[in-house]
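Notes below, in the order I looked things up.

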Amino acid sequence: MRSLRNISRILIGIMFIFSGFVKAVDPLGSTYKFTDYFNAFGIEWLVPAALFFAVMLSAIEFLIGFALINNVFPRVFSTLAFIFMGFFTVLTLILAITNPVSDCGCFGDAIKLTNWQTFYKNLFFIIPTAIIFWQRKKFMPRFERIGQSAIIIVGLLGVLFISKISYQHLPLIDFRAYSVGTNIKLAKNEDWIGAPQPVFDTKIVYKKDGAEQAFTTDNLPDTTWTWVKTINKQISEGYHAPVQNFNITDKNKQDVTQMILSDEYFSLMIVAYDLEDIPKDAIEKIQVLNDVGMGNGYNVFIVTASNLDQVNAFEREHSIMSTFYFADPITLKTIVRSNPGLVLLHSGQILQKWHYNDFPDENQLTEYELFNAHQAAKSAVIRWLIFGFLVGWILIATLFDIFALKSRFS
């Protein structure tokens, strides 16, 4: 029984850590998901608090998992895990039946699950959660209360720090289809030769002498039978391009997508899905990007989901002589988690992305500096340091359990 409860504790701990971590690295993504749910359930008055709920949910999930992995305050966190899983198992059943939002967002953009898949996932994980709750009094912490408290504080501060820098800059790990290095032209293509095609199970129902019978397409009856209906059931979706709905139009509603993606020089795409929500200091940075970028011969343009009247008012108020294009707001929020954000494109490939807090200044807009920015984006040292630290901590804590090691402070 000891092995079963420890395996259950480690399994649930890893699941909670993963779920909390992938939300913490993209707090705006979770904010958008909470907003979708609030609107779907008619509680729009909670939308201003969506970011708070997003950060708190990721912190709670991560902390539960962190505590279980490290076997600290096991009675408290085993109980919290059971309450949490029980509540969300019921909630996801309701969501699966009503389907207000197609993607639950339980694992952020790292793993996409339907509402029914989420419910089945919760049904599976509630079993080991129930085991650790049932056996919670038999877990023996390796540390005294002060050591356990210190570990909890480290976990809480760590996950809040990840959320903070991911919100004020960009997600430390980008799980979306528009990550740096993506070639949008290629990622949009649905017609790759050899790509899996949708598979359907077709049954044709015929009637004879008042009785109906279903036949397959390779085993049809003779002409004495009368056709009733054809039933097509899709059993495989086939290939779906990872980039969907990347369509950009100009003020005359003419499609300019291919023109933008075919530009063989540097393009600076300023993404501002809501012009009325842009911070004042970011507007000055947009003006610098526009003036210096165009002076260097780059194609500089702004893509927004605001309407034409809002665009015209923005141009008049801030004297920004830039080309404005239009796109779907969800697409723009997916491309870059910043309003405004900046995307460096070359022949349809995303070379780098910036939050408005990190927009390059005029000295960083030379060809050489932009190329260096692309090289730096490929290395992404800090995200791997954080990820490596987290994995290392989990591994060490697991080894303590495997070898039944005791802390010298216990």
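**Entry 1, a caveat.** I'm working from a predicted model.

I started with helix α4 (residues 74-98) and helix α5 (residues 115-134), whose axes come within 9 Å and cross at roughly 160°. Angles over 145 degrees count as roughly antiparallel, so I put α4 and α5 down as roughly antiparallel to each other. Their crossing is left-handed. I then sorted the contact of α4 with α5 by class and got 16 nonpolar residues, nine polar and no charged ones.

Next I checked α3 against α4: the axes come within 9 Å and cross at roughly 135°. That angle makes α3 oblique to α4. The crossing of α3 and α4 is left-handed.

Which residues touch the most other members of the largest nonpolar core? I found F16, F21, I64, L68, F77 and I152, out of 47 residues in that core. Helices α1 (2-24), α2 (27-40), α3 (50-70), α4, α5 and α6 each supply at least two residues of it. The biggest giver is α3, with 11 residues.

Last, I looked at helix α6 (residues 145-168), which has 24 residues. At 1.5 Å a residue it should span 34 Å, and its end C-alpha atoms are 34 Å apart, so the two agree. I also listed buried residues in α6, among them G147, Q148, I151, I152, G155 and V159. Further along, I162, S163, I165 and S166 are buried too.

Key
Residues numbered from 1 in each chain as written. Predicted model: local features only at pLDDT ≥ 70, side-chain atom pairs only at ≥ 80, totals over all residues. Heavy atoms only, no water. Helix = DSSP H or I, 4+ residues; strand = E, 2+ residues; numbered from the N terminus. Expected span 1.5 Å × (residues − 1). Buried < 20%, exposed > 50% of the residue type's maximum accessible area, 1.4 Å probe, protein only. Axes fitted to C-alpha atoms, helices over the stretch in contact; angles between N-to-C directions. Parallel < 35°, antiparallel > 145°, perpendicular 65-115°, else oblique. Left-handed = near helix turned anticlockwise from the far one by under 90°. Nonpolar A, V, L, I, M, F, W, Y, C, P; charged D, E, K, R; others polar. Core = buried A, V, L, I, M, F, W, Y, C linked by side-chain atoms within 4.5 Å.
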